[in-house]
Amino acid sequence: MMPTVQTEHDFERGVEVLRAQIDKKIASYFSSCVHCGLCAEACLFYTETGDARFTPIYKVEPMRRLWQREKTFWGKLGAGLGMLPEVTEDDFAEWQEMTYDSCTLCGRCSMVCPVGNDIAYMIRKQREAFAAAGYSPEGLQGATRRALEIGSPMGLTLKALEAQIGHVEEETGLEVPMDKQGADYMALLSSMEVINFPEYIESLVRIFDAAGVSWTFSRKAFEATNSGIQIGDSKIAAELVSRVVNAAEELGVKYVISPECGHAYTAIRWDGPNLIKRPYKFEVVHILELLDQLRAEGRLRTEGIETERLTFHDPCQIVRRGGVLEPPRNLMRMVAPDYAEMGDHGKMNWCCGGGGGVSANEEAEELRLKAFKRKKRQLEELNVEGLVTACANCRIVIEEGLEHYGMDIHVTGLTELLAKHLAPPKGKAEGG
Amino acid sequence: MFLEFVEGPLWYFSAVVFVVGVLWRLVDIWRQPSRTDLAVPRGSGVPGALRTIVTRSWTAKGFSRGATFHLVAGYMFHIGLFVLLIFAAPHVKFIEERILGFGWTPAPHWLFMVASDLAFAGILLLWLRRLMHPVMRKISTFDDHAAAILTFVVMLTGCLALLKSHDSLRAIHMLTVCLLMVYFPFSRLMHAFTFPVSRAYTGAAMGRKGVSA
Amino acid sequence: MTDHPSRPAIPSEPRQHGVPPRVRARITRYLLALLAFVLIAPLVPYAAAYLGAGNVPNPGAGLWNEVRQRAGPADANTQARGVESAVLINQVGERWRQFRSEMLVPVGAWLLLGTLGFLALFRILRGRIPLEGGRSGQLVPRFSVNQRVVHWFAAILFVFLAVTGLVLLYGRFVLIPILGPEGFSATAAACKEGHNLFGPIFPFAVLAMIVLFLRGNGFNQIDLKWFFRAGGLLKGHPASSGYYNGGQKSWFWMVVLFGIAISISGLILDFGVFGQGREVMALAHVVHGGVAVVFIAASLGHIYIGTVGMEGAFESMSHGYVDANWAREHHDLWLAEMEAAGMVGVEPNALEEVKRHDNIDFKGFGSPGTKAVQG
């Protein structure tokens, strides 16, 4: 039976799920936290608003209260004596903003906590309870429902994708392999790429053709993003992952390629096997990892360099939380050897402000634009003309932010940038 | 008479509560459910855990600006307290006579002065920031204040008894020490034992992803 | 002279030693007489002088003058290596003792009690200085987090050091009757250790205070007018002032000067291992005690007006914000600057604003408003 999105408020269930989230890590994290407040300095929702409620560890206060009441001596004693406040439905209502609107799960706080707490992990856990209780943003609920029912959080249908692919085939004069049994790689997409940045598909087709990669799309599963993870519903997340896994295993591919999109990578690469509770029969690679491998093997060759002053924005889920640290930089250097790095780049980069489902959440829009001031400042320091990133969601959020603040910087995807400089094939025999 | 009580039965009681309590808390963390990571790791978890246990002792690159206060006051307090606890002459003597049966060279007086001044200044600054900073006000709980004040009182009574001339002063210090030891396992002070556990969990998870956290 | 004759310790069995008891008694008598002569002999010149032997000069005078070093450094030599080990009797010690018991203790007591009395009188006559216009509900940021942390850091140290110091100075008069000699002994021991241990932190607190509060504490003509009107404290019409008024500036400079004096003298007293002699120590103590008493007396006024003495003043140092009406009544020129900078009626505890507070100068120099607006 397909899981459904909880839209009605069900506080009891929320508490029950919250209780079930407390594992070894959570217990250790709460035991270790000394409320030093350092995580606030790492969170762009705090630094750009000054609102103390957005201190990362305060965002999981409902979970801490439950843990204290039910797992600690003083808590049990205090609760028994009626001295500790219970976790109430009002808390859920109040903390919905802190749990969803003001957290992109970017994990920057997890990198600075002196006692080593992974606060992003804790918030992700708390989202399970909030999603179960129906205290989740309407925008995310809608996206999740569309992902379940239509197969894409943006409501993109297979037909629409096929139309885009038709355009791409016309543009490139190349055939886009669909459902090719026994291909090495199965590529995934995010709806955002299909709808807003179809150049990504075109780039893939051209690069893979030039490099002689054996690959395919699947008609059964092309969507890589996972709203279940963003809203925090493991059952839905597992359902969405299993669609991809089933399709890939039916086609018998060796690898599944995660698109540029950040959360898609976390979902399919790191969370997926744990969600469906078994290892895959294939490997997952991020498109940048694959491109970097092709570069190293000499199969990806470019010509010319960018004359504009560029910088690279590290998508949190790919770099900090995904571990794809070096490939984007190796690839950037191929076409923009003098690209400028932001002040905090790499694994300590500041989030665009729209990850973790925040960009799908209309209620968070004002806050998101405020938080974007951090990226704005980073970019102003560099005085660049163009920004390259590797996540369709980062890209759309940054484009909106730049427009909002009237900044004249154009944004492009790294794969697309590489395709632009793709050297003409020397002859297929050599590449094969 | 009173001194005999606090250094005798009360001390033994507190020590037992402390040891059993701390162990119980650690076991309790271990008793919670956990699941093995099924994703194919990029790197190994163990070096990641060990690395994070060490590297979280200083700030991430580029993050020191927002953390200056924490770094300075935090280290002042923790280093000072560590030297006081382990190397103050009366403590060494107490450890030798009552706990371990052997001692070590205690800190000279000047080092004791420096350590205690660092510790006192550090804990005062940290606690005042807790009272003053909007973030700290928002996230602080009763336990945070209780732990800070109790630790301060223990340190204060200890330094007041430094002349070693009056049993009453020694007894007051011992009494507050016993209070602290009984309070310890049930409070935030547990971070002294659980911080490597937390660092290890996060370091391992990040290490498996190939990120040195 | 009560030299009692030696009793035979063991009455029986004297024959065993072979000395007849009569001979023993005689020997004892001779020895006693000899002892008496030895003891009395040195007294003879004094007795002679006392009995009016005429103009014989005191033969000991030169010696004692030399010993007490009245005429300057002595020629005394000693093999002992140490600070002042060639000094037999320290002259300065007696003068220091006199200063302490005849000047510092009584004058200090009058000063402190007098200040308390003055404050009580002020309270009775003037009452609590109210917010004339009531509360506006609009907040103006006044002291940043760092300023407040440093202020209370210094304040806690100051109060602790003042209390322990006063116990050491007045404890034997005030506390012995209450605690008894035993209790006071323990208290004094504790206070001495506490004072010596906490003392070395105070200089750093003073330094931090100087760094964070120096800006805006320069005197100008507005302060002259403020002093001329006695700060408006006596009547209901406060004098005009900027970020700090004349009184606050005076207190700041008192903290700086007294703080430095008390820190240096305190360190000299606390760390007696750098070769400073008793003269230096006594002088340091005179400075330390004298400055401390004045410092504490002045602080009483500061504490009074900052807490119970004036409505709306304490929150500037507790939460960091003041009511716009309080600013209008006590720091009108500053409020005008803040209004120009758009800093009146801010959302409390918004970091953006706290940061502006730390980074941007709106504390009474130039035209800070423009800067704040840019931020």
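Axes here are lines fitted to C-alpha atoms, for helices over the stretch in contact, and angles run from 0 to 180 degrees between N-to-C directions. On the α6(B) side, the contact is made by Leu124(B), Leu125(B), Leu128(B), Arg129(B) and Met132(B); α5(C) brings Val145(C), Arg148(C), Val149(C), Trp152(C), Phe153(C) and Ile156(C). Residues are in contact if their C-beta atoms, placed from the backbone, lie within 7 Å. By class, this contact has 9 nonpolar, no polar and 2 charged residues (Ala, Val, Leu, Ile, Met, Phe, Trp, Tyr, Cys and Pro count as nonpolar, Asp, Glu, Lys and Arg as charged, and the others, Gly among them, as polar).

A word on the model: it is predicted, local features need pLDDT of at least 70, side-chain atom pairs count only at pLDDT 80 or more, and totals for chains, interfaces and linings use all residues. Residues are numbered from 1 along each chain as its sequence is written, with chains lettered from A and ligands numbered from 1 in the order in which they are written.

Within chain C, helix α4 (residues 91–126) packs with helix α10 (residues 278–306) at an angle of about 5°, their axes 10 Å apart. The two helices are therefore roughly parallel to each other. Their contact has 16 nonpolar, 7 polar and 3 charged residues. Helices (H or I, at least four residues) and strands (E, at least two) are DSSP runs, numbered from the N terminus.

Now to chain A, where 3 strands form an open sheet in the order β5-β6-β7, with parallel pairing. Two strands pair if DSSP finds at least two bridges between them. The edge strands are β5 (310–313) and β7 (410–413) of chain A, and the twist averages 30° from one strand to the next. β5(A) is joined to β6 (residues 386–389) of chain A by 4 bridges, and Thr311(A) stands opposite Leu387(A) in β6(A).

Finally, the contact between chains A and B takes 49 residues from chain B and 48 residues from chain A. On the side of chain B that touches chain A, α10(B) gives the most, with 10 residues.

How values were computed: Two residues are in contact if their C-beta atoms, placed from the backbone, lie within 7 Å. Angles under 35 degrees count as roughly parallel, over 145 as roughly antiparallel, 65 to 115 as roughly perpendicular and the rest as oblique.
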